[in-house]
Amino acid sequence: MNARLGILGGTLDPIHCGHIEAARAACDALQLTEVLVLPSRFPPHRAIQPAASPFHRFAMAALAVNGVPGLRASDAELGVSGPSYTADTLDRLREAGTAPAQIFFITGADAFAEIATWHRYPEVLDLAHFVVVSRPGHAMEALQRRLPVLAARMRTADAQQVPGVESFADPSILLVNANTPDVSSTGVRDRLRRGESIAGLVPAPVERHIYQHGLYGVTVREQADLTTADQLHGKD
């Protein structure tokens with residue numbers, strides 16, 4: 001009954017170290033029971049569909065969270081037809097028996113700054129708590145100035161003073177200040193297209209997966225040190 005379920009959704013094309021650190025920061029600050037990392041199948045906000053298939057993006061998410069306490073990849077969106085709207089995802093969780101007060105949707109401050117453009121805004125904010133994690137170049141103070149209509153719902157989440165579950169009875173906007181890496185999926189794809197290294201920007205198993213399968217236009221690279229766990233799609 002007191003479980004706190006974190007949701008980190010998005011295109012994740014590819015998942016990178018910023019995603020993982022944001023999930024960990026939210027998990028620590030709010031003492032979440034677990035965080036589901038949920039790649040979307042058809043992101044509605046992109047005119048051009050993701051460069052990697054939903055199945056590759058789920059595979060990379062699974063590799064990225066492997067061994068990270070509290071994080072688990074979910075393929076729940078892969079079987080859903082139509083655009084992957086956050087509001088619809090939260091509806092499905094509620095229909096499955098998870099109360100809105102138990103759901104903590106994690107997003108970056110840069111993405112949340114555009115919340116007024118999201119599907120079913122402002123209703124979507126009543127379907128879960130929104131955990132907004134700071135991003136390089138996107139300070140929380142600027143977010144509050146940009147969204148004054150939502151300022152009254154914003155609360156700072158302090159890892160040292162986390163209130164009890166009952167204090168989160170009504171959906172809130174919870175602000176988490178964290179030192180997340182200055183990396184984006186677009187930046188990772190751009191570096192790969194230019195033939196530049198992405199070491200340290202994505203988890204090492206994700207980097208190996210990209211080269212093993214020739215994603216994002218890279219040349220397929222055979223690697224002698226690939227482990228069985230890394231080969232989700234396998235080699236004959």
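Contact here means heavy atoms within 4.5 Å. By that criterion, residues 24 or more positions apart account for 71% of the contacts in the protein chain with a separation of 6 or more.

The structure is a predicted model, in which local features need pLDDT of at least 70 and side-chain atom pairs count only at pLDDT 80 or more, while totals for chains, interfaces and linings use all residues. Residues are numbered from 1 along each chain as its sequence is written, and side-chain values use heavy atoms, with hydrogens and water left out.

**Overall architecture**

The secondary structure of the protein chain comprises seven helices and seven strands. These elements are DSSP runs numbered from the N terminus, helices being H or I with at least four residues and strands being E with at least two. Along the sequence they follow the pattern β-α-β-α-β-α-β-α-β-α-β-β-α-α. Of the 236 residues, 47% count as buried, a term that denotes under 20% relative accessible area, with exposed meaning over 50% and partly exposed lying in between (1.4 Å probe, protein chains only). The accessible surface of the protein chain is about 11,400 Å², and 50% of this belongs to carbon and sulfur atoms. Such areas come from the Shrake-Rupley method with a 1.4 Å probe; for residues, only the protein chains shown count as cover.

**Helix H7**

Helix H7 spans residues 204-213, and its buried residues are Val206, Glu207, His209, Ile210, Tyr211 and Gln212. Their cover includes helix H2 (54-65) and helix H6 (185-193). After H7 comes Gly214, which has a positive phi, near 65°.

**Salt bridges**

Side chains of opposite charge can pair when their charged atoms come close. A salt bridge is a side-chain nitrogen of Lys or Arg within 4 Å of a carboxyl oxygen of Asp or Glu, and the whole structure contains 14 of them.

| Pair | Closest N and O atoms |
|---|---|
| Arg72 and Glu34 | 2.9 Å |
| Arg94 and Asp91 | 2.9 Å |
| Arg146 and Glu114 | 2.6 Å |

Arg72 lies in strand E3 (residues 71-73) and Glu34 in strand E2 (residues 34-39), so this pair ties together parts that are 38 residues apart in sequence. Arg72 is partly exposed at 42% relative accessibility, as is Glu34 at 23%.

Arg94 and Asp91 both belong to helix H3 (residues 86-95), where they are three residues apart, about one turn of the helix. Arg94 is partly exposed, at 36%, whereas Asp91 is buried, at 12%. Both take part in a network of salt bridges that links Asp88, Asp91, Arg94, Arg120 and Glu123.
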